[in-house]
Amino acid sequence: TNFDYSNLKVQVIDKKNGCVKVTMDITNTGQRDGAEVVELYVHDTKSKVERPYKELKDFEKVYLKSGETKSIEMHLSKEAFEYYDASLHKWVLEPGNFDILVGSSSENIKLKGSIRL
């Protein structure tokens, strides 16, 4: 079956602590009931250190009947945006812009949003 992703909303709910709420709708557009694994990635658009382009931070398996739509809500804590700074020997939350990428795999991104922390 096939799935459609829509209505991505990215909202900072606690800027001081880097907490972010991500919501989206998933619709089964095919003729059969099925399941989809929704994957959520974070991309730091400008970092002082080299980081992977896409970092998997959350995922959820969704079961949908043919024609059914579900709203999915995921939360990211500040740890989802941090990296380990070897020179400082600690985890660092670097202020800046982050892309939020949602899809069925790292190679199949369906939605993109952005936030500033």
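## Report on a predicted all-strand protein chain

The side chain of H43 comes to 2.7 Å from the backbone oxygen of Y53. This is a polar contact, that is, a pair of N or O atoms within 3.5 Å; within protein, one must be able to donate a hydrogen and the other to accept it, and residues adjacent in sequence count only if both atoms are side-chain atoms. H43 belongs to strand β3 and counts as buried because its relative accessibility is 10%. Buried means under 20% relative accessible area, exposed means over 50%, and partly exposed lies in between (1.4 Å probe, protein chains only).

The structure is a predicted model, in which local features need pLDDT of at least 70 and side-chain atom pairs count only at pLDDT 80 or more, while totals for chains, interfaces and linings use all residues. Residues are numbered from 1 along each chain as its sequence is written, and side-chain values use heavy atoms, with hydrogens and water left out.

**Overall architecture**

The protein chain has nine strands and zero helices. Both kinds of element are DSSP runs numbered from the N terminus (helices: H or I, at least four residues; strands: E, at least two). The C-alpha trace spans about 55 × 25 × 20 Å along its principal axes. Of the 117 residues in the chain, 40% are buried.

**The four-stranded sheet**

Four strands form an open sheet in the order β4-β3-β8-β9, with antiparallel pairing. Its edge strands are β4 (55-64) and β9, each of which pairs on one side only. Neighbouring strands of the sheet are turned by 20° against each other on average, direction ignored; the axes are lines fitted to C-alpha atoms, for helices over the stretch in contact, and angles run from 0 to 180 degrees between N-to-C directions. Two strands are said to pair if DSSP finds at least two bridges between them. Strands β3 and β4 run antiparallel and are joined by nine bridges; in β4, L64 is the bridge partner of G34. In general, strands of a sheet pair through backbone hydrogen bonds, either parallel or antiparallel.

**Salt bridges**

A salt bridge is defined as a side-chain nitrogen of Lys or Arg within 4 Å of a carboxyl oxygen of Asp or Glu. By this rule the count is five, and the table includes some of them.

| Pair | N to O distance |
|---|---|
| K57 and E55 | 3.2 Å |
| K78 and E82 | 3.9 Å |
| K112 and D99 | 3.7 Å |

K112 lies in strand β9 (residues 108-116) and D99 in strand β8 (residues 97-105), so this pair ties together parts that are 13 residues apart in sequence. K112 is exposed because its relative accessible area is 56%, whereas D99, at 10%, is buried. Salt bridges that share partners join D44, R51, E55 and K57 into one network. In the remaining tabulated pair, K78 is partly exposed at 32%, while E82 is buried at 11%.

**A nonpolar surface patch**

V37, L56 and F59 make a nonpolar surface patch of about 270 Å². Patches consist of residues with over 30% relative accessible area and no salt bridge; like charges are joined within 9 Å, and nonpolar side chains (Val, Leu, Ile, Met, Phe, Trp, Tyr) within 5 Å. Accessible areas come from the Shrake-Rupley method with a 1.4 Å probe, and for residues only the protein chains shown count as cover. V37 is located in strand β3 (residues 34-44) and is partly exposed, with 31% relative accessibility.
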